[in-house]
Amino acid sequence: MTTTRLRCNCGATASLKPLALEPGLHAADCAECGAVLLQMSDWRRWRDAQAHTDAPPATAAEPIATETQDHAHARHCPACARLMERLSVDAAGAFRVDRCAPCQCLWLDRGEWQALVQRGLASQLDTLLSDGGQRRLQAERLQATRMQALRQRHGSDRIDELQRIRSWLAEQPHREELLALLRTGDLH
Ligand SMILES: [Zn+2]
Ligand SMILES: [Zn+2]
């Protein structure tokens with residue numbers, strides 16, 4: 001796929017321009033909206049090259065407030081016009097990237113690559129976007145919702161205390177006996 005003949009669907013009149021996201025990582029971007037089209041094959045080549053050098057992984061030393069301009073709707077792939085999948089890259093589900101699986105390419109909105117780098121996720125895209133990775137994020141999301149509901153029902157202090165007791169119990173050699181004592185109230 002020659003990405004630089006493609007046009008962004010933001011209404012831009014010019015075609016995409018070649019861009020180096022990182023040294024050795026080729027992509028193409030839209031001059032008008034700043035969206036980036038990244039081919040997974042280029043990303044894999046870059047990732048493999050990274051793994052074979054002593055260079056530190058692409059992570060920002062200091063967290064910088066990067067503004068991502070996440071668009072509300074799914075995009076159409078600029079190469080094949082199919083609707084792209086929106087995939088989460090964090091458990092909160094706030095930050096998502098678009099992928100066209102048949103074309104093996106990603107669309108990143110302006111600032112999203114930098115945000116991935118900051119979170120240390122830039123070199124883990126394949127794991128993150130895999131079915132297993134997406135399921136893991138989904139499970140984390142459910143767990144966070146459950147904890148939030150528990151904290152609302154019982155109060156955060158009680159939940160913190162319960163978690164403290166649970167970790168303490170886990171270290172006790174006779175924890176089942178201790179738990180039984182608690183339940184029977186036979187401690188007087
Ligand atoms: Zn654009
Ligand atoms: Zn496509």
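Is Cys-77 buried or exposed? In this predicted model, Cys-77 is buried, with a relative accessible area of 3%. Cys-10, by contrast, counts as partly exposed, its relative accessibility being 41%. A disulfide is a covalent bond between the sulfur atoms of two cysteines; with a cut-off of 2.5 Å between cysteine sulfur atoms, the count of disulfides comes to 0.

The mean pLDDT of the chain is 87, and 88% of the residues reach 70 or more. Confidence is highest in helix H5 (residues 156–170), at a mean of 96, and lowest in helix H6 (residues 175–184), at 91. Where pLDDT is low, the predicted coordinates should not be read in detail.

Strand S3 (residues 36–39) is covered on both faces. In a regular strand the side chains alternate between the two faces of the sheet. In S3, Val-36 and Leu-38 lie on one side, whereas Leu-37 and Gln-39 lie on the other, and all of these residues are buried.

Strand S3 pairs with strand S2 (residues 25–29) in the antiparallel sense, over 2 bridges. Asp-29 has Val-36 of S3 as its bridge partner, and Val-36 is among the buried residues of that strand. The hairpin formed by S2 and S3 has 6 residues between the strands, and Gly-34 in this hairpin adopts a positive phi near 80°.

Strand S3 is also joined to strand S6 (residues 105–108), through 4 bridges and in an antiparallel arrangement. Here the bridge partner of Gln-39 is Cys-105 of S6, and Gln-39 is itself buried.

Conventions:
Residues are numbered from 1 along each chain as its sequence is written. Chains are lettered from A and ligands numbered from 1 in the order in which they are written. Side-chain values use heavy atoms; hydrogens and water are left out. pLDDT is the predictor's confidence in each residue, from 0 to 100. Buried means under 20% relative accessible area, exposed over 50%, partly exposed in between (1.4 Å probe, protein chains only). Two strands pair if DSSP finds at least two bridges between them.
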